Amino acid sequence: MQSKRVKMLKNFAIQNQSLTHQVDVEKHKNERAERLMIEQSRLAIMGEMIGMIAHQWRQPITVIGMLTNNALLDIELGELKMDQLVEDLESIDKQVHFLSRTIDDFRNFFRPNKLPQSITLGEIENELMTIVGKSFENNRISLIFEGDKNTHLVTYKNELLQVFLNILNNSKDAFLENRTISPTVCIYLNEAEDKLHFLITDNGGGINADVLTHIFEPYFSTKSEKNGTGLGLYMSAMIVEKHLHGSIGVCSENSTSTFTIIVPKTIDEKGHDVY
Ligand SMILES: Nc1ncnc2c1ncn2[C@@H]1O[C@H](COP(=O)(O)OP(=O)(O)OP(=O)(O)O)[C@@H](O)[C@H]1O
Ligand SMILES: [Mg+2]
């Protein structure tokens, strides 16, 4: 009797061990899949960023090229005036500073924050305009911010900006696809007790009900493979829910799409592991 019980207990322990092992293997697989998705989404956003840098750089590079050619022509014609040359070199120097600043802005963006930071709506507006401003302007898209510019929150700034960027990129894609007349994105900010509500609305044609139900799923995209990985909103939801302790939702009516992001005014923690 005793030995039968011992045998049963032994079997039980073996089964238990094998189950624990299986759980560990599955956990490991999930972690790998998640890391892969994060990597893919980073690459996708990097691709977008390179496009945006190209927009930001086009004008200063043209100015530098023009000033240099003018100076060379003046030298060739023997008409070079020293004061004009100094003025041109100063302009070139200003443009070079601008180019180098954009690189810093974009590089900072790719460094996820380890600690929550205080940021105002006004600063969010400035940061977003630095990144998407030129590309939106070149596509004649208006980006409007409404709400008290001094409202501040304490959060993981770069992660929040990444979520805004994903949503803004989707709006831009919708405008281009539907050839929207007067394309406009509005970001409204409302305060409610200890939370902040961001509403991001675009008039890019709206989102069909069958798309809405899958929109936050990984790899869900209605775009061609080269234009969309389907990870933008999945990652955004992960960031908002897991890292910013908030929630994200979407609705669509009358050819408009509205994303809602609710985040605490202050994230109450001492930092997190950068994913
Ligand atoms: N503002 C919007 N207007 C219309 N459709 C939208 C909008 N935002 C999202 N969608 C739809 O939701 C889908 C999923 O968006 P998501 O950002 O996750 O992926 P994606 O844009 O296709 O690819 P990427 O990973 O490059 O962002 C899009 O393919 C698009 O069909
Ligand atoms: Mg997207």
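In this predicted model, the largest pocket has a lining of 44 residues, and those nearest its centre are Asn169, Asn170, Asp173, Ser221 and Lys223. A pocket here is an open set of points on a 1 Å grid over the protein atoms alone, where a 1.4 Å probe fits and protein lies on both sides within 12 Å along at least five of seven lines, and lining residues have an atom within 4 Å of a point. The space in this pocket amounts to about 1100 Å³, taken as the volume filled by probe spheres set on the grid points.

At least two lining residues come from each of α1 (2-76), α4 (157-178), α6 (232-243) and β7 (256-264), with α4 giving the largest share, 11 residues. By class, the lining holds 14 nonpolar, 21 polar and 9 charged residues.

Ligand 1 takes up the space of the largest pocket. Its shell consists of 20 residues, the closest being Asp202, Ser221, Thr222, Lys223 and Thr229, where a residue counts if one of its heavy atoms lies within 4 Å of the molecule. This shell divides into 8 nonpolar, 10 polar and 2 charged residues, and α4, α6 and β7 each contribute at least two residues to it.

| Residue | Protein side | Ligand 1 atom | Distance |
|---|---|---|---|
| Asp202 | N or O atom in the side chain | nitrogen | 2.8 Å |
| Ser221 | N or O atom in the side chain | oxygen | 2.5 Å |
| Leu231 | polar backbone atom | oxygen | 2.9 Å |

Residues are numbered from 1 along each chain as its sequence is written, while chains are lettered from A and ligands numbered from 1 in the order in which they are written. As the model is predicted, local features need pLDDT of at least 70 and side-chain atom pairs count only at pLDDT 80 or more, whereas totals for chains, interfaces and linings use all residues, and side-chain values use heavy atoms, with hydrogens and water left out.

Terms used: Helices (H or I, at least four residues) and strands (E, at least two) are DSSP runs, numbered from the N terminus. Ala, Val, Leu, Ile, Met, Phe, Trp, Tyr, Cys and Pro count as nonpolar, Asp, Glu, Lys and Arg as charged, and the others, Gly among them, as polar. A polar contact is a pair of N or O atoms within 3.5 Å; within protein, one must be able to donate a hydrogen and the other to accept it, and residues adjacent in sequence count only if both atoms are side-chain atoms. A molecule sits in a cavity or pocket if more than half of its atoms lie within 2 Å of its grid points.
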